[in-house]
Amino acid sequence: MKYSEISHFSHPQHKLRFEYSEFPFKCDGCKEVGIGSRYKCSICDFDLHMHCAMITSPTLFHPFYTKCTFQFMSKPPGDTPRYCNACEKDVSGFVYHCKACGFDLHPCCAKLPMVLDDGEVKLYLYRKVSSPCHRCGRKGRSWSYRSKCKNYNLHVACVREMLVENWHEVYVGRCKGRNVDSNIPSLRNTLYTPHSSRRSKGKVKKCCEIAGLAVQIVISAVLGDPTALIAGIVGSFMSRA
């Protein structure tokens, strides 16, 4: 459920208002990057992902970890560094933690949809896959989104890395007054494309276009706004492969 204005325990001095941003922001709850829907305090420049703002239950269960009970925590437990088991990024703020197993999930990662479908491309979330990632070309690693045909695979960790790299470029450019083509980071030339030399040009182009759509869908989900396909985030970089 979406409210236009909420009160939140992490920012009790002011109410937070719902807004949609095309410019990347850093969530003050989980400390991770976000684009799209958020709750914001304009007075304090305080932002929360939708999933970090709307903690409907302190307990979470995930189908990948059937024996785990995850508890919401406003900061990671203990003094040792912790990482998210979904995206492999450090845990610095809000987290779902399983005390029995020691597993941790960022709120946005914990709420990643098991299936992403924009009408053209359908992607399924896997804990592990045996095929190489379209971005890094490696197998294994973090959770992955994989197409039904099993030709397109993206690590959640790789998507997060792309976002961080490109967010920094756009943010620094804006701060220095440079003209940036888009509010949304461009991910051009960041993907590994293992095309067979035997494929025709038309088939390769179609493959890239579909994989480009897949990237766009996964990025929207990882950013904590899976209902919004963020136009232009991929552009035409893969169709030029």
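This is a predicted model: local features need pLDDT of at least 70, side-chain atom pairs count only at pLDDT 80 or more; totals for chains, interfaces and linings use all residues.
The side chain of R17 meets that of E5 in a salt bridge, with a distance of 3.0 Å from N to O. Because E5 belongs to strand β1 (residues 5–6) while R17 belongs to strand β2 (residues 16–26), the pair ties together parts that are 12 residues apart in sequence. E5, with a relative accessible area of 36%, is partly exposed as well.

## R38 and E19

A salt bridge also joins R38 to E19, and here the closest N and O atoms are 2.7 Å apart. This pair links distant parts of the chain, given that R38 sits in strand β3 (residues 33–41) and E19 in strand β2, 19 residues apart. R38 is buried, with a relative accessible area of 9%, whereas E19 is partly exposed at 27% relative accessibility.

K40 forms a salt bridge with D45, in which the closest N and O atoms lie 2.8 Å apart. Of these two residues, K40 counts as buried at 13% relative accessibility, while D45, with a relative accessible area of 53%, is exposed.

Which residues are linked with K40 and D45 in a network of salt bridges? The network contains E19, R38 and D47 together with K40 and D45.

Definitions and conventions. Residues are numbered from 1 along each chain as its sequence is written. Side-chain values use heavy atoms; hydrogens and water are left out. A salt bridge is a side-chain nitrogen of Lys or Arg within 4 Å of a carboxyl oxygen of Asp or Glu. Helices (H or I, at least four residues) and strands (E, at least two) are DSSP runs, numbered from the N terminus. Buried means under 20% relative accessible area, exposed over 50%, partly exposed in between (1.4 Å probe, protein chains only).
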